[in-house]
Amino acid sequence: MTIDLTPYLSTQGPKYLAIARALAEALRHGAISPGTRLPTHRELAETLGVSVQTVSRAYEQAEKSGLVQARVGSGTWIRDTEGDTENEFLRAPATLADDSLIDLSIAHPVCLPSHHLRFREALAELARTAHADVIGACRPIAGLVHQRERADAWLRERLGVPGEVEERLLCNGAAHGLMLAIATVVQHGDVVLTESLTDHGLISLARTLGFQLRGVAIDRQGVLPEALEAAIVRHRPRAVCLTPTQLNPTGATMENARRDAVARVLERHGVWLIEDDVHALLEPPGLTPLTARLPLQSFHVTSLTKATVPGLRAGYLSVPRGQMHHTLPRLRATSWMATPLVFELADYWLANGMIDTLAHEQRQLLAERQSLTARRLAGHAIDARPSSLHAWIALPSPWRAEELKQQARQEGVAITTAQPFLVAQTPAPQRVRLSLGAESDLGRLAYALDVLARLLGEAPPPMLEIVY
């Protein structure tokens, strides 16, 4: 057959990578479809004016990434594993292609063959053009100058984070940034307030650094302003650590009016704010960070990991004026400096707009999965943002979360209960968190959701090996 890849071909980088990338782009734009048989190596080589060897390498690259499948005696085909709508495969009774665990337990963006191709193409380009300091620098603790400058402009223009380039530093992911921010202003034994259900990484940091973590009541928009004020008066915290956008595990997201109210409470009491904004890119523009309301008393942490590709552990910490000289020694002590090569890739993608492209695509992919979840678990109470990584599921009686977790695992599906996210030793809500991005195969996700729907429609087994 003849296909026209010309509109999707890039003139940058090796030709075989450009062809492999063009196949992914043609699939994404609908120019070719899952299940399409591709031209022979010779036919495509003649169409594009390249060597047969170049096309062979391009097909090999696309096959390594899972985009195409070579069938002996039949040619090369676009794999039929992804699509924008629920296809016949998803509507049919599903069975697992293998016996591996379907993981809905880990926070992970969707990572498709097209992401792998873009990643490899970017690395190939950086091999030719990367700044010499990427491998030669050993003293720019806060990050290479050109990387910080690009990050500064992006943070201000895209996320609305106040500050100057001198108040930005690069860190190895958001978890590293949170640790640096907390360590800057919090001492051993100090009290830090956070949401009553919060990311388990913060709970681990409290145990590691020795501060006292106290939970504040939340609703579907996150922390309640009146509860926050009462907790500040009662506990006299050194800092408040909040996730106003897509709180893990509940997905709670503050509208701007709630953010205004929370900011007024923090300003009134003069408490340090540490804002975990790691999911900012999973929401469309419009929500301004809490830090923008309290620039002189706020640390802002974000990263690219949750909205682009999981291996891009590029974190950005914005430090309030006058605090950088306290934060930099802690960065030096924990990692000397962030890995320059990671940030060179981030800088390249920020410069050519790929970060925003990937984030937009991630929101679309997650919206598709949220829609699939709502259909497959219809009738159950689900809290989720339209483009969230997670769905927060309320369990019908008499199911208990740990029971469902164990039973689901026996049937090949891993899920997470509320227990790891509890700040206080209080009864856990009978809910489970489903993470929708780790399984790249939409069919496997649909199968897992059907398993859960069937379990929730049945009574739990009379005896499970759980100690309460």
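Which residues line the second largest cavity? In this predicted model, that lining consists of L377, I393, L404, V432, L434, L452 and L456. The structure holds two cavities of 30 Å³ or more. This briefing takes the cavities in turn, then a helix pair, then a loop glycine.

**Second largest cavity**

- The volume of the second largest cavity is about 30 Å³.
- Sorted by class, its lining residues are seven nonpolar, no polar and no charged.
- Two elements, β17 (431-435) and α16 (442-456), each give two or more residues to the lining of the second largest cavity.

**Largest cavity**

- A volume of about 50 Å³ is found for the largest cavity.
- Its lining is made up of L178, T194, E195, T198, D199, L202, C241, T243 and D276.
- Three nonpolar, three polar and three charged residues make up this lining by class, whereas the lining of the second largest cavity has no polar and no charged residues.

**Packing of α7 and α13**

- Helix α7 spans residues 145-159 and helix α13 spans residues 340-351.
- The two helices pack with their axes 10 Å apart and at an angle of about 45 degrees.
- Angles from 65 to 115 degrees count as roughly perpendicular and those under 35 as roughly parallel, so at about 45 degrees α7 is oblique to α13.
- The crossing of α7 and α13 is left-handed.
- On the α7 side, the contact is made by H146, Q147, R150, A151 and W154.
- On the α13 side, P340, F343, E344, D347, L350 and A351 make the contact.
- By class, the contact of α7 with α13 has six nonpolar, two polar and three charged residues.

**G210 and its surroundings**

- G210 sits in the loop that runs between α9 (200-209) and β6 (212-216).
- Leaving aside neighbours within four places in sequence, the residues in contact with G210 are H188, G189 and L205.
- G210 and V186 are 24 residues apart along the chain, and their C-alpha atoms are separated by 9.5 Å.

Terms used: Residues are numbered from 1 along each chain as its sequence is written. This is a predicted model: local features need pLDDT of at least 70, side-chain atom pairs count only at pLDDT 80 or more; totals for chains, interfaces and linings use all residues. Side-chain values use heavy atoms; hydrogens and water are left out. Helices (H or I, at least four residues) and strands (E, at least two) are DSSP runs, numbered from the N terminus. Contact means heavy atoms within 4.5 Å. Axes are lines fitted to C-alpha atoms, for helices over the stretch in contact, and angles run from 0 to 180 degrees between N-to-C directions. Angles under 35 degrees count as roughly parallel, over 145 as roughly antiparallel, 65 to 115 as roughly perpendicular and the rest as oblique. A crossing is left-handed if the near helix is turned anticlockwise from the far one by less than a right angle, and right-handed if clockwise. Ala, Val, Leu, Ile, Met, Phe, Trp, Tyr, Cys and Pro count as nonpolar, Asp, Glu, Lys and Arg as charged, and the others, Gly among them, as polar. On a 1 Å grid over the protein atoms alone, a cavity is a set of points where a 1.4 Å probe fits but cannot get out, and a pocket is an open set with protein on both sides within 12 Å along at least five of seven lines; lining residues have an atom within 4 Å of a point. Grid points are joined across faces, edges and corners, and a volume is the space filled by probe spheres set on the points.
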